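This report is for a reader meeting the structure for the first time. Look through the sequence and the model below, then read on.

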Amino acid sequence: MGQEAHHHHALPTSAAAADAAAAPAASSRLFTAGLVAAWYASNIGVLLLNKYLLSVYGFRYPVFLTACHMSACALLSSLAHVYAASAPARRRSRGQLARVAVLGAVFCASVVSGNVSLRYLPVSFNQAVGATTPFFTAVLAYAVAARREACATYAALIPVVAGVVIATGGEPSFHLFGFIMCVGATAGRALKTVLQGILLSSEEEKMNSMDLLRYMSPVAVILLVPATLIMEREAFGVVATLAREDPNFIWILLCNSSMAYFVNLTNFLVTKHTSPLTLQVLGNAKGAVAVVVSILIFRNPVTFMGMLGYGITVAGVVLYGEAKKRSK
């Protein structure tokens with residue numbers, strides 16, 4: 001992360017320095033607020049657009065959609081890298097690239113599963129399951145890296161899981177395959193986090209998440225294009241047809257794909273300018289906002305049980321964050 005710090009030139013006079021110090025406080029707060037807003041907009045925007053395309057619009061090709069997202073990420077992150085080329089590109093070792101490829105594969109699988117699940121499940125339920133990421137992260141960190149947490153931290157995960165169990169019971173549009181895919185996506189996201197912590201932990205291999213995205217997305221594209229050809233052969237034809245019938249379709253697709261990149265970009269920037277914990281807290285709130293917005297837009301039936309379960313999960317995640325902070 002520390003590559004950016006070395007480029008600031010010292011200001012010549014102390015008066016200029018004093019002026020400069022007074023200004024950033026307000027502007028940086030504004031900047032952070034803007035970042036957070038952009039993060040919310042892109043995260044929720046991608047979620048809702050994906051849902052719209054996959055369910056409402058009837059474009060039922062989640063693998064193809066993910067391939068578009070990853071292509072946009074690959075393209076935009078390379079462009080951003082060229083444009084920002086301040087830090088000289090470090091040579092990456094073969095081993096490191098192999099590890100990044102593994103991460104790319106996990107990343108890819110989890111995004112595909114998530115998009116497949118959106119085809120069958122309402123956003124509200126998808127988010128409830130997605131909120132259990134800390135549970136999977138804790139379990140996988142223990143399984144993969146034998147990293148233990150304090151007891152209180154594990155105790156806080158009970159409501160996280162219990163909430164989803166309640167929500168599952170109360171979900172009117174429950175779909176088993178969609179649910180399995182959603183759990184798979186959540187576990188995949190957690191696995192990526194854990195692996196990232198292990199694979200890129202040594203000092204010389206530390207990569208910030210944008211570098212990581214720049215290496216991971218081409219891997220994902222390489223995996224997804226054959227996957228699309230095998231699993232969703234007709235997708236290309238359908239895209240061509242839809243593009244002819246509805247000129248907006250291509251714009252929706254492009255907008256959706258570039259937004260997928262901005263989700264990653266704003267994620268990175270918010271983490272960099274605040275802290276990972278802030279991102280977690282914002283994430284909990286984001287889920288809730290996404291649920292409310294999606295219910296308003298898609299009008300999927302919700303039940304008291306479903307919402308109660310979701311509430312319990314979010315409360316659990318908040319508790320978990322607190323417990324983790326205390327145990328440090």
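## Helix H12 and its cover

Helix H12 has these buried residues: Gly306, Gly309, Tyr310, Thr313, Val314, Gly316, Val317, Tyr320, Gly321 and Ala323. Buried means under 20% relative accessible area, exposed means over 50%, and partly exposed lies in between (1.4 Å probe, protein chains only). Helices (H or I, at least four residues) and strands (E, at least two) are DSSP runs, numbered from the N terminus. The cover over the buried residues of H12 includes helix H4 (123-130), helix H5 (133-145), helix H6 (151-169) and helix H11 (276-298).

This is a predicted model: local features need pLDDT of at least 70, side-chain atom pairs count only at pLDDT 80 or more, and totals for chains, interfaces and linings use all residues. Residues are numbered from 1 along each chain as its sequence is written, and side-chain values use heavy atoms, with hydrogens and water left out.

How far apart are the end C-alpha atoms of helix H12? They are 34 Å apart. The expected span is 1.5 Å times one less than the number of residues.

## Gln127 in helix H4

Gln127 sits in helix H4. Its relative accessibility is 13%, so Gln127 counts as buried. Leaving aside neighbours within four places in sequence, Gln127 is in contact (heavy atoms within 4.5 Å) with Leu47, Lys286, Gly287, Ala290, Val291 and Tyr310. Tyr310 is also one of the buried residues of H12.

## Two nonpolar cores

A nonpolar core is a set of buried Ala, Val, Leu, Ile, Met, Phe, Trp, Tyr and Cys residues joined through side-chain atoms within 4.5 Å. The largest one has 27 residues. Phe59, Phe64, Phe249 and Leu253 have the most contacts inside this core. Helix H1 (14-56), helix H2 (62-84), helix H9 (235-245), helix H10 (247-273) and H11 each give two or more residues to this core. H1 gives the largest share, 10 residues.

Leu253 touches Leu53, Phe64, Leu65 and Cys68, leaving aside its neighbours within four places in sequence. A second, separate core has 25 residues, including Val63, Leu213, Met216 and Ala220.

## Salt bridges

A salt bridge is a side-chain nitrogen of Lys or Arg within 4 Å of a carboxyl oxygen of Asp or Glu. By this rule there are 3. Arg214 pairs with Asp211, with the closest N and O atoms 2.9 Å apart. Both lie in helix H8, 3 residues apart, about one turn of the helix. Arg214 is buried at 15% relative accessible area, and Asp211 is buried at 11%.

Lys325 meets Glu322 at 3.2 Å, N to O. Glu322 also meets Arg326, at 3.9 Å. Lys325 is partly exposed at 45%, as is Glu322 at 30%. Arg326 counts as exposed at 68%.

## A nonpolar surface patch

Which residues form a nonpolar patch on the surface? They are Val225, Leu229, Ile230, Met231 and Phe236, with about 500 Å² of accessible area together. Patches use residues with over 30% relative accessible area and no salt bridge; like charges are joined within 9 Å, and nonpolar side chains (Val, Leu, Ile, Met, Phe, Trp, Tyr) within 5 Å. Areas come from the Shrake-Rupley method with a 1.4 Å probe, and for residues only the protein chains shown count as cover.

Helix H8 (residues 209-231) gives the most to the patch, 4 residues. Met231 lies in H8 and counts as exposed, because its relative accessibility is 57%.
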